Amino acid sequence: MSASNHQTSKQGSGYRHPPELRERAVRMVQEAIRETGERHGVVTRVAVKLGLGSETLRHWVKQAEIDGGRRPGVTSEERRRVAELEREVRELRRANEILKAAVGFFARELDPRLPKS
């Protein structure tokens, strides 16, 4: 079965692959490296077998190594948490702007000395 059958939704410039395909591909690369003791060309060979882009698979392997603590970098969980916190900050800033506008509106309505808009 080709990788195009696994593609689920368009995201950015490429396709999002199901997690099962990602896990299988990374596992195949790791097993091939363990068996041969060689890294050179492994990602490309596995990518071709699975119908994936070699750079996509190379990124998945790198991220798996980071997540597994075998390589320095930002883990997937940390990345998700940062994105969640950034989303929360945006929502709170929007809520603050709405509250500031409401305070100004009610202040003008209640204080006869302020100009009404």
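This is a predicted model: local features need pLDDT of at least 70, side-chain atom pairs count only at pLDDT 80 or more; totals for chains, interfaces and linings use all residues.

Me: Which pattern does the protein chain follow along the sequence?

Reply: The pattern is β-β-α-α-α-α, with four helices and two strands in total. Helices (H or I, at least four residues) and strands (E, at least two) are DSSP runs, numbered from the N terminus.

Me: At what angle do H1 and H2 pack?

Reply: Helix H1 (residues 19–36) and helix H2 (residues 42–50) pack at about 140 degrees, and their axes are 9 Å apart. Axes are lines fitted to C-alpha atoms, for helices over the stretch in contact, and angles run from 0 to 180 degrees between N-to-C directions. H1 is therefore oblique to H2; angles under 35 degrees count as roughly parallel, over 145 as roughly antiparallel, 65 to 115 as roughly perpendicular and the rest as oblique.

Me: Which residues of H1 and H2 meet?

Reply: From H1 they are Arg24, Ala25, Met28, Val29, Ala32 and Ile33, and from H2 they are Val42, Val43, Val46, Lys49 and Leu50. By class, this contact of H1 with H2 has nine nonpolar, no polar and two charged residues. Ala, Val, Leu, Ile, Met, Phe, Trp, Tyr, Cys and Pro count as nonpolar, Asp, Glu, Lys and Arg as charged, and the others, Gly among them, as polar.

Me: And how far apart are the axes of H2 and H3?

Reply: They are 9 Å apart, and H2 packs with helix H3 (residues 54–67) at about 120 degrees. That angle makes H2 oblique to H3. The contact joins Val43, Thr44, Val46 and Ala47 of H2 to Ser54, Leu57 and Arg58 of H3. Its classes are four nonpolar, two polar and one charged residues.

Me: Changing topic: is serine 76 buried or exposed?

Reply: Serine 76 is buried, because its relative accessible area is 18%; buried means under 20%, exposed over 50%, and partly exposed in between (1.4 Å probe, protein chains only). Serine 76 lies in helix H4 (residues 76–110).

Me: What is serine 76 in contact with, leaving aside its neighbours within four places in sequence?

Reply: Serine 76 is then in contact with Gln63 and Asp67.

Me: How much of the protein chain is buried?

Reply: Buried residues make up 19% of the 117 residues.

Definitions and conventions:
Residues are numbered from 1 along each chain as its sequence is written. Side-chain values use heavy atoms; hydrogens and water are left out. Contact means heavy atoms within 4.5 Å.
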